[in-house]
Amino acid sequence: MGENHNKNKKDEQLEQYRVNDEGKKLTTNQGLKVAEDEFSLKAGERGPTLMEDFHFREKMTHFDHERIPERIVHARGFAAHGEFQLYESLKKYTKADFLNDTSKKTPVFVRFSTVAGSRGSSETVRDARGFATKFYTDEGNYDLVGNNIPVFFIQDAVKFPDFVHSVKPEPHNEMPQAASAHDTFWDFVANNQESAHMIMWAMSDRAIPRSFRMMEGFGVHTFRLVNEEGKSHFVKFHWKPVLGTHSLVWDEAQKLSGKDADFHRRDLWESIENGEYPEYELGIQVIKEEDEFSFDFDILDPTKLWPEEDVPVQLVGKMTLNRNVDNVFAETEQVAFHPGSVVPGIDFSNDPLLQGRLFSYTDTQLIRLGGPNFHELPINRPVCPFHNNQRDGYGRQTINKGPVSYHKNSIASNTPEPASEAEGGYTHYAEKIDAHKVRARSESFKDHFSQATMFWNSMSDPEKEHLKEAFSFELGKLGSESIQQQVVDMFANVSRELAVDVANAIGVKEPEGGGSEVTKASPALSQENTKHTAETRKVGVIISDNFNGEEVTKTLALLKKEGIILEVISDKLGRLKGTTGTELAVDHTFLTGESVIFDALYAVGGNGTDKKFNHDAEYFINEAFQHFKPIGATHEGKRWIKENELENSPGVIVSDDMDDFAEKFTRAVAAHRHWERSIV
Ligand code: HDE
């Protein structure tokens with residue numbers, strides 16, 4: 001537990017800044033030993049505090065200034081360290097060193113986040129998730145600042161403040177927190193129809209991920225890869241989670257918001273502490289320069305994805321997150337990402353959303369981190385040296401020696417001097433541009449619905465149902481019938497079925513026209529086609545004293561072998577005694593645990609006469625059943641299944657043959673959820 005598996009350049013650099021106060025004498029910030037920390041200095045035991053009490057003043061002043069502004073978006077986040085290694089050299093596409101050398105392990109720092117909520121908001125809300133990766137390469141920091149959704153709400157950065165204002169809590173009453181189910185957001189959507197495609201994703205299961213470990217990441221924009229010969233290819237970046245892409249169900253997500261607002265960070269933290277390191281494969285989609293106009297969408301439009309069936313994702317390397325942070329403020333909060341932090345061999349496209357981001361990120365760090373020297377904070381420092389003539393400012397730590405802080409100069413023989421391209425100097429791709437200066441949007445950006453329909457067409461039936469429910473929930477929360485109607489009419493352009501069913505659910509008029517000619521589907525978009533595995537799934541074992549020692553021990557061992565994590569639930573903490581002298585430590589009671597924190601339940605039972613125990617166990621089982629989770633039962637546990645008539649339902653495994661049970665139950669757990677189960 002907690003062992004450092006991430007010895008690398010970044011870790012060594014951070015080590016210089018780590019301090020362990022344990023066992024040390026208390027001092028002031030000036031290093032003076034403090035003799036008393038219980039009482040302030042007073043004029044008499046019952047008298048006023050004296051101004052002279054420097055220890056009190058320093059301690060209180062520091063405390064008064066502990067908070068910095070939270071991120072305007074992505075405020076609620078959680079991060080971890082890791083490393084990235086390439087499978088095969090990408091030399092033919094890019095000269096980026098970390099994408100050429102397969103022997104290199106590049107240190108990374110990854111911050112996951114929700115977008116709309118404040119820093120203290122709950123994590124399982126319906127929202128896009130940020131997926132920002134800082135690669136500490138030998139050529140400087142490269143930041144891939146992406147989301148878990150491959151497209152965005154708007155096409156031009158100038159609209160970002162409007163979009164964010166609409167989704168944030170409404171300004172007159174600051175409600176609702178971390179939720180898009182309110183009038184201003186949907187008013188924005190209906191009146192900015194370029195949002196249609198992203199809304200389909202945001203209303204889909206993708207917006208309520210089961211875990212940061214089980215979601216995809218996307219660079220969203222089209223970037224360029226440029227090779228040694230100066231040849232450029234367009235590229236989109238992907239992160240594919242090795243555990244597959246899986247989601248919660250909405251009712252569960254809402255309950256989790258109350259039961260464990262830290263659900264996603266706890267999951268990430270615990271998996272890293274337990275050595276079950278989250279892994280993601282880096283994928284690239286590549287389009288040749290000459291094919292820029294070969295698609296029925298504009299590849300610069302950030303509301304469009306490149307269907308994987310048309311432009312395959314090549315898996316080129318793997319990222320492993322293997323170390324938790326030492327201090328959340330110093331690392332997770334102070335990390336500063338910037339889509340403009342690139343290395344030679346990676347360049348931008350003219351996507352107008354990306355272009356605007358290149359301004360915003362530095363600007364926001366200046367206020368958030370208090371000045372221009374945030375690159376000197378330990379978490380932000382590159383692992384290669386940096387030299388330039390930038391000087392001074394708040395919080396400057398570097399002590400630049402000598403009189404020269406300008407270029408050109410003779411005193412220091414013109415150094416620090418620009419590096420030639422051969423020496424690794426960054427050169428921008430010399431794209432030819434011949435254009436008028438205009439405030440306009442390209443005609444090729446004006447189809448807002450085809451890919452939204454493709455997304456809809458690609459969903460399985462349960463996924464379509466979830467989309468309808470999500471729309472009905474969100475729109476059902478609105479105060480304005482006019483906005484509800486506008487949204488329904490808008491989404492009739494995506495799917496008439498969707499719009500009609502939502503209209504009926506929320507009691508507005510069915511749209512008059514609508515329907516789409518688009519029949520294309522992209523199977524890769526459905527989570528049904530993702531990888532399924534039981535590994536690292538958390539199973540709650542409901543059990544009481546007098547359980548069948550031998551058989552239970554055997555089954556638990558078989559499940560553990562499959563990588564399943566087992567946690568024991570009972571009516572009291574302590575140790576349970578089974579037959580044959582077996583003992584089991586209890587992890588949760590029915591009070592401290594909840595069915596929603598588990599992927600599946602295994603009902604073992606025990607003496608089974610306690611009324612309260614039976615009631616609580618059945619409550620857990622019925623709730624898990626309603627969330628489509630696998631449920632297993634052996635011996636006395638079967639009673640709870642029978643009494644609730646669940647035994648013939650999909651994903652409910654009942655058996656007294658332990659090997660048979662373990663095999664079937666593992667398969668049921670790997671399936672994630674059993675949507676074919678009907679809930680009445
Ligand atoms: Fe961001 N975004 N963004 N964004 N974004 C920020 O930077 C912005 C966009 C993304 O864990 C801010 O340091 C503009 C797309 C992530 O620290 C800010 C536009 C994508 C994070 C900002 C966008 C993202 C941010 C707030 C439209 C997916 C969290 C605090 C042009 C590709 C990074 C900060 C972290 C954070 C601006 C659109 C991803 C204000 C102007 C598209 C993952 O600078």
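Is W186 buried or exposed? With 0% relative accessibility, W186 counts as buried, where buried means under 20% relative accessible area, exposed means over 50%, and partly exposed is in between (1.4 Å probe, protein chains only). Before the close-ups, a word on the model: it is a predicted one, where local features need pLDDT of at least 70 and side-chain atom pairs count only at pLDDT 80 or more, while totals for chains, interfaces and linings use all residues. Residues are numbered from 1 along each chain as its sequence is written, and side-chain values use heavy atoms, with hydrogens and water left out.

**View 1. W186 and its contacts.**
Here we zoom in on W186, which lies in helix α4. Helices (H or I, at least four residues) and strands (E, at least two) are DSSP runs, numbered from the N terminus. Setting aside neighbours within four places in sequence, W186 is in contact with S180, A181, I199, M203, F471, E474, L475, L478, I483, V487 and F491. Contact here means heavy atoms within 4.5 Å.

**View 2. Helices α12 and α13.**
This pair is α12 (residues 481-491) and α13 (residues 496-506), whose axes come within 8 Å and cross at roughly 160°. Axes are lines fitted to C-alpha atoms, for helices over the stretch in contact, and angles run from 0 to 180 degrees between N-to-C directions. That angle makes α12 roughly antiparallel to α13; the cut-offs are under 35 degrees for roughly parallel, over 145 for roughly antiparallel, 65 to 115 for roughly perpendicular, and oblique for the rest. The crossing is left-handed, a label used if the near helix is turned anticlockwise from the far one by less than a right angle, with right-handed used if clockwise. On the α12 side, look for Q484, V488 and F491; on the α13 side, A499, V502, A503 and I506. These contact residues divide into six nonpolar, one polar and no charged. In this sorting, Ala, Val, Leu, Ile, Met, Phe, Trp, Tyr, Cys and Pro count as nonpolar, Asp, Glu, Lys and Arg as charged, and the others, Gly among them, as polar.

**View 3. Helices α3 and α4.**
Back to the helix that holds W186. The axes of α3 and α4 are 6 Å apart and pack at an angle of about 140°, so α3 is oblique to α4. D162, F163, S166 and V167 of α3 meet T184, F185 and F188 of α4. By class, that contact has four nonpolar, two polar and one charged residue.

**View 4. The loop between α3 and α4.**
Most residues other than glycine have a negative phi, and most peptide bonds are trans. E174, found in this loop, has a positive phi of about 50° although it is not a glycine. At 63% relative accessibility, E174 counts as exposed. P176 also has its place in this loop, and a cis peptide bond with omega of about -10° joins M175 to P176.

**View 5. Helices α14 and α17.**
Here α14 (residues 549-561) packs with α17 (residues 658-670) at an angle of about 35°, and their axes are 9 Å apart. The crossing is right-handed. From α14, E551, K554, T555, L558 and L559 meet M658, D659, F661, A662, F665 and T666 of α17. The contact has six nonpolar, two polar and three charged residues.

**View 6. K538 in a strand.**
Finally, K538 sits in strand β11 (residues 538-543). At 16% relative accessibility, K538 counts as buried. Apart from neighbours within four places in sequence, K538 is in contact with E270, I565, E567, I597, F598, D599 and A600.
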